[in-house]
Amino acid sequence: MSEAVQSATATPLLLVEDLSVSFRTDRGTVRAVDSVNLHVDAGETLAIVGESGSGKSVTAMSLMRLVGDNGTVDSKRVLFDGIDLGALSEAQMRKVRGNRIAMIFQEPMSSLNPVLTIGKQVAEPMVLHQGLSWREARRRAVTLLQRVSIPDPEDRLDSYPHHFSGGMRQRVMIAMALACDPKLIIADEPTTALDVTVQAQILALLKDLTRETGAAQILITHDLGVVARYADRVAVMYGGRVVETAPAHELYANPQHPYTQGLMASVPSLDGDPGKRLQTIPGQPPDLANLPPGCAFAPRCPYARDECRQAPPPLEPIAPQHLRACYGYE
Amino acid sequence: MSDAATEMPHADPADETLMQVDDLKVHFPVTEGLLNRQVGSIKAVDGVSFSLRRGETFSLVGESGCGKSTTALAALRMQPVTAGRILFEGVDITHYSQAQMRPIRRRMQMVYQDPFGSLNPRMRVRDIIGEPLVVHGLAGDKVKYKARVRELMALVGLLPDMADRYPHEFSGGQRQRIGIARSLALDPSLLICDEPVSALDVSIQAQVVNLMMDLQEQLGLTYLFIAHDLSVVRHISNRVAVMYLGRIVEIADRDPLFDTPRHPYTEALLAAVPVANPVIEASRPQQIVTGEVPSVRNPPSGCHFHPRCPKVMPECKTETPALRPRDDGRLIACHLYD
């Protein structure tokens, strides 16, 4: 992995080495994330893409150590802004969560507390993490709601989440995330529950805000269009591992992992040739409780050979900033 | 609209038109108080007209609350119709009783979005697929029944040997194949597909989209396709109707609609969808329509889109634009072109 680290311009804001997450289930231990290596530079948007069960969300949650009682996170190190998050106690971790690393979830309805006013929820992180008085925090909440384009923010402070539409709730979530000037924002499918015109507004807002504040963003999504529009770099996950990572332009122009290639080809595009048969990836996504010993994509891969079925290929650089986990193909 | 509608021939069984929907309205009463006094109505579908040509894929697109699913359900007579007229294969079925609808239902079937929720978990796949045959008294003897189910499974790319299994043993994509096989059991001419691929992973979506296109060619099916994913819609459709808050704002052939959208809402909707290509994305005008879809409970006056429309004019606030045929053959409801 050291090459990948060196290829980054400076010390990355977040450096993840050998992150693994497993869950105890009644079907045995499921390894949802397996030896993931990632980095995020200050100010950039890294998209993590993958299909259901690829481990993209679990990777993000595990950075914040939010994996539930049946989950175990293991890592060589998770270096965030000079601190090893893996070495922090739960109490220390609480000071990072929602403060220096903020999270935005998919479901704006269930992520907001229905019995607390919007003002209270936006002000709370500033009282908790920055020691502001409620009065001062409320004042700042107005500014934050303004920044996420909520009309008449003073009047909306005493409203409850159910008074807001889906898009407005997601704006509130973003205001909460911004409350403590986080250095990293993790957005997990932030617009999947929203209508497409509202999705465009929210993603543009997130992009503008990260540009303004210099915060970095990890955007977790399954939508390759969203990635193309908003991401600087992309990590593609499959079966709990990162199989390819590259700058967005490079990845779309020159996908090097057979899974990435298959994924790109199977999406009908607004500029593609309609009516034509779509290329498909044969077979089914892998069952995490029952992964093959080798490359998880091997059973569906047109190029798979014996080697691929024995041990998972390591993620290795094939060009500057472009890494791939594949033994290669003709 | 009424002119265009009456001009269309519809009594001829050899007609090109499979289904015609005229000025369809579906209103839900809003009641209040102990006595359930009606205080208003939600106009979920408010004067929608379109026709389906035999063998085509006609898509209804729009954001949540636009009435696309309600329109489709009403066209199937699975939703009470408040006003309007529905012709299917030349016959006016608007006021048919449930008994009269039974033979018609064989000809029009539904494919649902959720392959997890729409299959009975306690039934074997054979009986899920064969149930419509039993319900309509067409199952025949056991041998015939089993053979028909095997045939249907093969048709949708499932191994017929898996007929004795239960839905949970299948993946999402396979389950959607089961749903499609079931909908084909009665040999329908029309399939209403409500978001048939949106619950599936990208790599599986492509398999199901291909299957649907193959089946259409093989069986001469007509699809009424409901979806919010515009790239899938563009891929599969011949014609597209764009809906906004209970009304159709534009109907056009696929290419003109996607290449040069003319209704400002169609334009906004297309601009909002990111293309999976960073080079194209970087060169596209990033014009994002402001605001959100208002509630159907209380839609804006005049043209429902006027509060968000970048080209709004005074009359848009007061007068509802009619869906009219324009010089290029498409139908648009917008004062810009009146």
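Here is a short walk through the two chains, one selection at a time.

Before you click, know that this is a predicted model, where local features need pLDDT of at least 70, side-chain atom pairs count only at pLDDT 80 or more, and totals for chains, interfaces and linings use all residues. Residues are numbered from 1 along each chain as its sequence is written, chains are lettered from A and ligands numbered from 1 in the order in which they are written, and side-chain values use heavy atoms, with hydrogens and water left out.

**Stop one: chain A**

You'll find twelve helices and 13 strands (DSSP runs numbered from the N terminus: H or I of at least four residues for helices, E of at least two for strands). The radius of gyration is 20 Å, close to the 20 Å that the globule rule gives for 330 residues, so chain A is as compact as a globular protein of that length. That radius is taken over C-alpha atoms, and the rule is 2.2 Å times the number of residues to the power 0.38. Along its principal axes, the C-alpha trace of chain A spans about 65 × 50 × 45 Å.

Now colour chain A by burial: 54% of its 330 residues count as buried (under 20% relative accessible area, with exposed over 50% and partly exposed in between, using a 1.4 Å probe and protein chains only).

**Stop two: chain B**

Switch to chain B, which has eleven helices and twelve strands. Its C-alpha atoms fill a box of roughly 70 × 55 × 50 Å, taken along the principal axes. For 338 residues, a compact globule would have a radius of gyration near 20 Å, and the 21 Å of chain B agrees. Of those 338 residues, 54% count as buried.

**Stop three: the nonpolar cores**

In soluble globular proteins, nonpolar side chains tend to be buried together. To see this here, select Val122(A), Val172(A), Ile174(A) and Ile180(B), which touch the most other members of the largest nonpolar core, a set of 106 residues. Such a core is made of buried Ala, Val, Leu, Ile, Met, Phe, Trp, Tyr and Cys residues joined through side-chain atoms within 4.5 Å.

Which residues does Ile174(A) contact, leaving aside its neighbours within four places in sequence? Select Ile104(A), Val148(A), Ile202(A), Leu205(A), Leu206(A) and Leu209(A); contact means heavy atoms within 4.5 Å.
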